Amino acid sequence: MMPLHIIRNDITRMKVDAIVNAANSSLLGGGGVDGCIHQAAGPELLAECKTLGGCETGSAKITKGYKLPCKYVIHAVGPRWRNGKHGEREKLVSCYRVSLELAKEYGCETVAFPLISSGIYGYPKDQALKIAVNTISDFLLENDMTVYIVIFDRKAYQISEELFSDIAAYIDDTYVAAHTDSRVSRLHRMQTLTLRDADEILYDAPLAPRVASTKTLNDALSQIDESFSEMLLRKSDEKGMTDAQCYKKANIDRKLFSKIRSDRLYKPSKPTVLAFAIALELPLDETKDMLMKAGFALSHSNKFDIIIEYFIERGNYNVFEINEALFAFDQNLLGA
Ligand code: AR6
């Protein structure tokens, strides 16, 4: 459903139109993911690669997939990491761009990338991931395609140490606040309780008729609130966003968006609501309001909700960074 997914898998098992190989400029095979791909595809892949005459760093060439479950293999040549001052970044960005353009040219709708250059070529994994995410999401703003970034080892997908411990501390604090009944708050509740009781005793006030009971069920139903779908469309109008800007920023599939648009009572999943709330950069109270319209709430009893709240409170609405954090804490990803 989302156009960009980050998953953990062996890329040779991906049933997509094309997988990307982290090759070297000879295109004649090697270690790492290159070795895995050639092994799984069989010798015909090497035979075709031999006809290609190699490939420059920062570029890519396409072959068939042979015994692999994918139709094509796009062989991209990433830069070797030296110290970051030798155009490594530009070359890596170019690898992703050229590969995506090739995939598009061959009519691929689904493409899987490994983290190019982040193994034998030594590119720092967090930077390699950021470049992959940014370059692919730029491309997806203009193109309809589903792209997977396939992470092999757990370590590759790690948010910065600092952010991790900051979120961890936030979770601890929020958990503590939600799960312990401090003496102060207990006292506070006891006091409000006592005061109210005292009031009733002192004034012996007759119970006022409850307003709700005078309303008929029909009255109540006729004042039904704005639905989730209506709020979404209103907010997106208010922000001057087009439909495409809205669903792309939310990392939500176009088909799902048009379903929501055409059905005012559409019942979305909680991660879908949150993905839109983040795309629309809603403050916390409006996020909660939008969740409520779909029958959900943010709770302090689970890490997913706390992490979302953490980002919203800090005004960080980057869905990919949020997903990195969710992933690091073993949570489901937004929109997934
Ligand atoms: N599926 C997904 N990811 C994988 C797999 C797999 N089966 N195997 C490894 N990775 P690398 P590079 C990850 O070294 O750094 C070759 O010899 C791995 O954990 O394969 O671009 C070529 O011929 C790492 O994060 O590629 C070149 O000479 C990422 O894939 C050179 O290595 C890329 O690691 C290219 O080095």
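The side chain of N24 places an N or O atom 2.7 Å from an oxygen atom of the ligand. The model is predicted; local features need pLDDT of at least 70 and side-chain atom pairs pLDDT 80 or more, while totals for chains, interfaces and linings use all residues. Residues are numbered from 1 along each chain as its sequence is written, and side-chain values use heavy atoms, without hydrogens and water.

The table lists polar contacts (pairs of N or O atoms within 3.5 Å).

| Residue | Part of the residue | Distance to a ligand oxygen atom |
|---|---|---|
| N24 | side chain | 2.7 Å |
| V33 | backbone | 2.7 Å |
| S117 | backbone | 2.8 Å |

The protein buries 92% of the 700 Å² that the ligand exposes when taken alone; these areas come from the Shrake-Rupley method with a 1.4 Å probe. Around the ligand are 23 residues, counted if a heavy atom lies within 4 Å. G31, V33, D34, S118 and I120 come nearest. Helix α1 (32–41) gives the most to this shell, with four residues, and β2 also supplies at least two. Helices (H or I, at least four residues) and strands (E, at least two) are DSSP runs, numbered from the N terminus.

Strand β2 (residues 18–23) pairs with β4 in the parallel sense over six bridges; pairing requires at least two DSSP bridges. N21 has H75 as its bridge partner in β4. Strand β3 (residues 60–64) pairs with β4 in the antiparallel sense over five bridges, and T63 stands opposite V73. In β4 (residues 72–77), five of the six residues are buried, that is, under 20% relative accessible area with a 1.4 Å probe, protein chains only.

Conventions: Buried means under 20% relative accessible area, exposed over 50%, partly exposed in between (1.4 Å probe, protein chains only). A polar contact is a pair of N or O atoms within 3.5 Å; within protein, one must be able to donate a hydrogen and the other to accept it, and residues adjacent in sequence count only if both atoms are side-chain atoms.
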